[in-house]
Each structure stands twice: as C-alpha cells, then as structure tokens.
Amino acid sequence: MKKVLLALLVLLGLQTQAQISPCDSVEYAITSTANTNLLQLEAWVNGTCPVNFPCIVSNYSWTVCDDNLCYGDTGTTVYFQQFMTTDTIKVCLTTDMTIDTMTYTCMQCDSLVFGPNGWMLMSMGNTTSINELTFNRVNDGKIYDLLGREFINYNSVPVGTVYIKNRKKYIKLN
C-alpha cells in the first residue's frame with residue numbers, strides 16, 4: 001500500500017524544491033594587472049533572487065586585510081592599493097539586500113595572492129598532485145623516555161621505565 005501511495009504522489013507531480021538563498025546571487029570580480037599592486041573589486045547581483053523576486057541592495061561593504069591591517073570601503077566598485085605584492089590578503093564582501101519585506105545580510109570571504117597576472121584567488125580546493133613523503137629515519141641507538149628526555153646510556157635508565165630506542169618502545173625490567 002505504501003508503494004502504491006508513493007507511486008501516485010510521484011505520478012501526480014508532488015515535487016520539492018531546494019530552498020534558494022538570496023546570498024547565492026551575489027557575485028564579485030577581481031580586476032588586477034601584473035605591473036601594479038592595484039586591486040579593483042566589483043560586486044553585483046546576478047539575475048533575481050530567488051526566482052521572480054527582485055533584490056534591492058542597500059549596501060555593498062568591503063573589508064580587505066593583510067597580516068597587520070584591515071581596510072574598508074563601500075560601493076559596487078572599490079579600489080585598494082595599500083598591499084604589497086608579497087602579501088596574502090583576505091577579501092570579504094558584506095551585502096545588505098531586501099526582498100519583499102525581508103532583509104538579508106550576506107557575507108563571503110576569499111583569500112588572494114599576487115601571481116604572474118596580478119591578484120588572483122588562492123585556490124585551496126583543487127588538488128594538482130599527490131607526492132608520497134619519504135622520511136629520513138635514523139637508527140642511531142639513542143634512548144629517550146616518553147617525555148623526550150635523552151638518557152646517556154642503557155645503564156642510566158631506571159628500572160620500570162618505559163623508554164624508546166630506534167622508534168620502538170621498551171620497558172626496563174631489571
């Protein structure tokens with residue numbers, strides 16, 4: 001009976017739609033050249049958000065930070081030239097928008113580095129290669145306790161102590 005009801009619901013067009021966040025429609029672009037540290041950021045709302053509900057954006061607020069300082073500006077297009085080309089900077093865009101009678105505040109942040117063509121997104125998600133790590137393992141016969149303290153020789157290890165020698169654990173019994 002349950003299978004019949006499920007089949008009827010599917011046949012009659014019972015469908016669910018994923019909730020669309022208005023924040024998904026906010027985008028921005030990075031404009032830069034290789035010859036200068038000038039960073040231009042431009043924001044916009046892509047289409048309508050959600051479908052058939054126009055967005056009214058009341059504020060685009062930008063924050064751009066390096067390791068020491070943060071700078072801010074407002075507007076759809078902003079310029080920053082305070083950063084060195086050796087900096088890794090964090091760009092955050094906060095957008096305030098109204099849809100119908102609801103107000104939304106959307107925030108998105110990205111990290112930028114200066115590359116051969118100017119400022120660009122620092123991509124952390126795309127794997128380019130995987131290399132196996134090799135370790136230089138030394139079996140030098142040194143003896144350590146569990147706290148990492150080195151013993152001069154085996155005779156200096158107290159009875160009942162757990163010690164490590166050549167990456168293996170031992171207990172001195174007598």
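## Disulfides, sheet and core in a predicted model

With 115 degrees about its S-S bond, the link between cysteine 92 and cysteine 109 is right-handed. This pair joins distant parts of the chain. Cysteine 92 lies in strand E6 (residues 88-99), cysteine 109 in strand E7, and 17 residues separate them. The model is a predicted one.

**The disulfides**

How many disulfides does a search of the whole structure find? The search finds three. A disulfide is a covalent bond between the sulfur atoms of two cysteines. The table sets out the sulfur distances and the angles about the S-S bond.

| Pair | S-S distance | Angle about S-S | Handedness |
|---|---|---|---|
| Cysteine 23 and cysteine 106 | 2.0 Å | -80 degrees | left-handed |
| Cysteine 65 and cysteine 70 | 2.0 Å | 110 degrees | right-handed |
| Cysteine 92 and cysteine 109 | 2.1 Å | 115 degrees | right-handed |

The link of cysteine 23 and cysteine 106 is left-handed. The pair also connects distant parts of the chain, 83 residues apart. Cysteine 23 sits in the loop between helix H1 (2-11) and E1. Cysteine 106 belongs to strand E7 (residues 102-115).

Which cysteines are buried and which are exposed? Take each bond in turn.

Cysteine 23 has 26% relative accessibility, so it counts as partly exposed.

Cysteine 65 counts as buried, at 16% relative accessibility. Why does cysteine 70 count as exposed? Because its relative accessibility is 52%, and the cut-off for exposed is over 50%.

Cysteine 92 is buried, with a relative accessible area of 9%. Cysteine 109 counts as partly exposed, at 33% relative accessibility.

Strands of a sheet pair through backbone hydrogen bonds, either parallel or antiparallel. Here, three strands form an open sheet in the order E1-E2-E5, with antiparallel pairing. Strand E1 (26-31) and strand E5 (77-80) are the edge strands, each pairing on one side only. From one strand to the next, the twist averages 20 degrees.

E1 and strand E2 (residues 39-45) pair over six bridges, in the antiparallel sense. Which residue of E2 is the bridge partner of valine 26? It is valine 45.

**A hairpin**

Strand E11 (residues 162-165) pairs with strand E12 (residues 168-171) over four bridges, again in the antiparallel sense. Lysine 165 stands opposite lysine 168 in E12. The two strands, E11 and E12, form a hairpin with two residues between them. In the turn, asparagine 166 has a positive phi of about 50 degrees.

**The nonpolar core**

The largest nonpolar core has 20 residues. Those touching the most other members are Leu39, Leu41, Trp62, Val64, Phe80, Ile89 and Val91. Which elements give two or more residues to this core? They are E1, E2, strand E3 (56-65), E5, E6 and E7. E6 gives the most, with five residues.

Phenylalanine 80 shows how these parts meet. Leaving aside its neighbours within four places in sequence, phenylalanine 80 is in contact with Asn37, Leu38, Leu39, Leu41, Trp62, Val64, Tyr71, Gly72 and Asp73. Among them, Leu39, Leu41, Trp62 and Val64 are also on the list of core residues that touch the most other members.

Technical notes. Residues are numbered from 1 along each chain as its sequence is written. This is a predicted model: local features need pLDDT of at least 70, side-chain atom pairs count only at pLDDT 80 or more; totals for chains, interfaces and linings use all residues. Side-chain values use heavy atoms; hydrogens and water are left out. Two strands pair if DSSP finds at least two bridges between them. Axes are lines fitted to C-alpha atoms, for helices over the stretch in contact, and angles run from 0 to 180 degrees between N-to-C directions. A disulfide is a pair of cysteine sulfur atoms within 2.5 Å. Buried means under 20% relative accessible area, exposed over 50%, partly exposed in between (1.4 Å probe, protein chains only). A nonpolar core is a set of buried Ala, Val, Leu, Ile, Met, Phe, Trp, Tyr and Cys residues joined through side-chain atoms within 4.5 Å. Contact means heavy atoms within 4.5 Å.
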